Structure formats: structure tokens, C-alpha cells
Amino acid sequence: MIGILVVSHGKMAAGMLDTLRMVMGEAEKLDSVSLVMGEDYEVFEAEITERLRALNDGDGVLALVDLFGASPFNVTQKAAHALEPEGVKVRIVSGMNLGMLVEASSMRVGSTLDELAKTAIEAGRMGVDEPVQVVANEDDEDY
């Protein structure tokens, strides 16, 4: 089964997993790592590396990070690259949101890592909309 690691600034990653469990119940091969203010980057990198390694059972790990180009993204990318010689395959998707996490969590059995990354990106994009536009296209049967 593909593992999922959620990585963020502050407590966002832990909160995302807490909300996922509230919506979908407990699940295997899910973990989070949060960068807290003042934390040493080497410690943060070691924690991410350890979690990626632990979540991998041969199918790879999808890492969902909060912000492209920021420290959690960069450190996750560095850790993933360091694990390549061990055969740990990691795909990183930035801009995580709850829709992306829910979809990735529910679709990981039977998907390849590459397919799951694409699914997560699509779900993340589909979950971003302006309610005024959505409501304008609905009718009474939608409720």
C-alpha cells in the first residue's frame, strides 16, 4: 500500500490527519511531520527521512506538502532524493488541501504512485472554487 506523509509549517499537517480520521476513520500508512519555529533543519530532515522510510512498503510514498518552494517542500525533496539509492520512491505534491488528502487516502489501494500523485493534484484543484459560481449552476434537485 502506498504510504502518505503530510508535511507542513506549524501544526497544519497534524491537523490535516486529525480531520482525515474524523471524516474517514483510522487508516494505515499515514503520518505527518511539522516544522516548528526554531527547529533545526537537520533534525527536521532526519524526521522526514525516517518517516518516508517507515511508510514505504515497496509501493512508495506520496508526500503532500503545504507550500511549493518553502522549507517543508525543500527538505522533503532533499530527503526523497537521499532515499532513492535505497529504492524508496517518493512523489511530492505541494499545495495540499483536505480534498486532496481525502481522495489520495481513499484511492491508494490499487493505484500506482504516479497515478495517485495525479489523482491528488486533480482532487486538490477540483476542491478549490468560489461558492457563488457553484450555487449559480445548481438547482433545487442538488439539495
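Modeller: Contact means heavy atoms within 4.5 Å. This is a predicted model, in which local features need pLDDT of at least 70 and side-chain atom pairs count only at pLDDT 80 or more, while totals for chains, interfaces and linings use all residues. Residues are numbered from 1 along each chain as its sequence is written, and side-chain values use heavy atoms, with hydrogens and water left out.

Colleague: Leaving aside its neighbours within four places in sequence, with which residues is Ser32 in contact?

Modeller: Ser32 has its place in strand β2, residues 30–35; helices (H or I, at least four residues) and strands (E, at least two) are DSSP runs, numbered from the N terminus. Once neighbours within four places in sequence are left aside, the contacts of Ser32 are Leu5, Val6, Ala13, Ala14, Leu17 and Arg51.

Colleague: Is Ser32 buried or exposed?

Modeller: The terms are set by relative accessible area: under 20% is buried, over 50% exposed and in between partly exposed (1.4 Å probe, protein chains only). Because its relative accessible area is 14%, Ser32 is buried.

Colleague: Which residues have the most contacts inside the largest nonpolar core?

Modeller: A nonpolar core is a set of buried Ala, Val, Leu, Ile, Met, Phe, Trp, Tyr and Cys residues joined through side-chain atoms within 4.5 Å. The largest such core has 19 residues, and those with the most contacts inside it are Ile4, Val6, Leu62, Leu64 and Leu101.

Colleague: Which elements give two or more residues to this core?

Modeller: In soluble globular proteins, nonpolar side chains tend to be buried together. The core of 19 residues draws two or more residues from each of β1 (3–9), α1 (12–24), β3 (61–65), α4 (98–107) and α5 (113–126).

Colleague: With which residues is Leu101 in contact, leaving aside its neighbours within four places in sequence?

Modeller: Leu101 is among the residues with the most contacts inside the largest nonpolar core. With neighbours within four places in sequence left aside, its partners are Ile4, Val6, Met16, Leu17, Leu20 and Leu64.

Colleague: How many residues are in the second, separate core?

Modeller: Phe44, Leu55, Val61 and Val90 are included in this second core, which is separate. Its count of residues is 18.

Colleague: At what angle do helix α2 and helix α3 pack?

Modeller: Axes are lines fitted to C-alpha atoms, for helices over the stretch in contact, and angles run from 0 to 180 degrees between N-to-C directions. The axes of α2 (residues 41–55) and α3 (residues 71–83) are 9 Å apart. The two helices pack at an angle of about 55°.

Colleague: What term describes the placing of α2 relative to α3?

Modeller: Angles under 35 degrees count as roughly parallel, over 145 as roughly antiparallel, 65 to 115 as roughly perpendicular and the rest as oblique. With an angle of about 55°, α2 is therefore placed against α3 as oblique.

Colleague: Which residues in α3 does α2 meet?

Modeller: The α2 side consists of Tyr41, Phe44, Glu45, Ile48, Thr49, Leu52 and Arg53. In α3 they meet Ser71, Pro72, Val75, Thr76, Lys78, Ala79, Ala80 and Leu83.

Colleague: What distance separates the C-alpha atoms of Ala80 and Ile92?

Modeller: Ala80 lies in helix α3 and is buried, with a relative accessible area of 9%. Leaving aside neighbours within four places in sequence, Ala80 is in contact with Leu52, Val90 and Ile92. Ala80 and Ile92 are twelve residues apart along the chain, and their C-alpha atoms are separated by 8.6 Å.

Colleague: Which residues of α4 make the contact with α1?

Modeller: α1 and α4 pack at an angle of about 60°, with their axes 10 Å apart, and are therefore oblique to each other. From α1 the contact takes Met16, Leu17, Thr19, Leu20 and Met24, and from α4 it takes Leu98, Leu101, Val102, Ser105 and Ser106.

Colleague: Which residues in α5 does α4 meet?

Modeller: The axes of α4 and α5 come within 8 Å and cross at roughly 145°. Gly99, Met100, Glu103, Ala104 and Met107 in α4 meet, in α5, Leu116, Thr119, Ala120, Ala123 and Gly124.

Colleague: How far apart in space are Asn97 and Val65, C-alpha to C-alpha?

Modeller: Asn97 is in the loop between β4 (90–94) and α4, and is buried at a relative accessible area of 19%. Beyond neighbours within four places in sequence, Asn97 is in contact with Met16, Gly124 and Val128. Asn97 and Val65 are 32 residues apart in sequence, and their C-alpha separation is 9.1 Å.

Colleague: What value is phi of Lys29 near?

Modeller: Lys29 is found in the loop between α1 and β2 and is partly exposed, with a relative accessible area of 25%. Most residues other than glycine have a negative phi. Lys29, a residue other than glycine, has a positive phi, near 60°.
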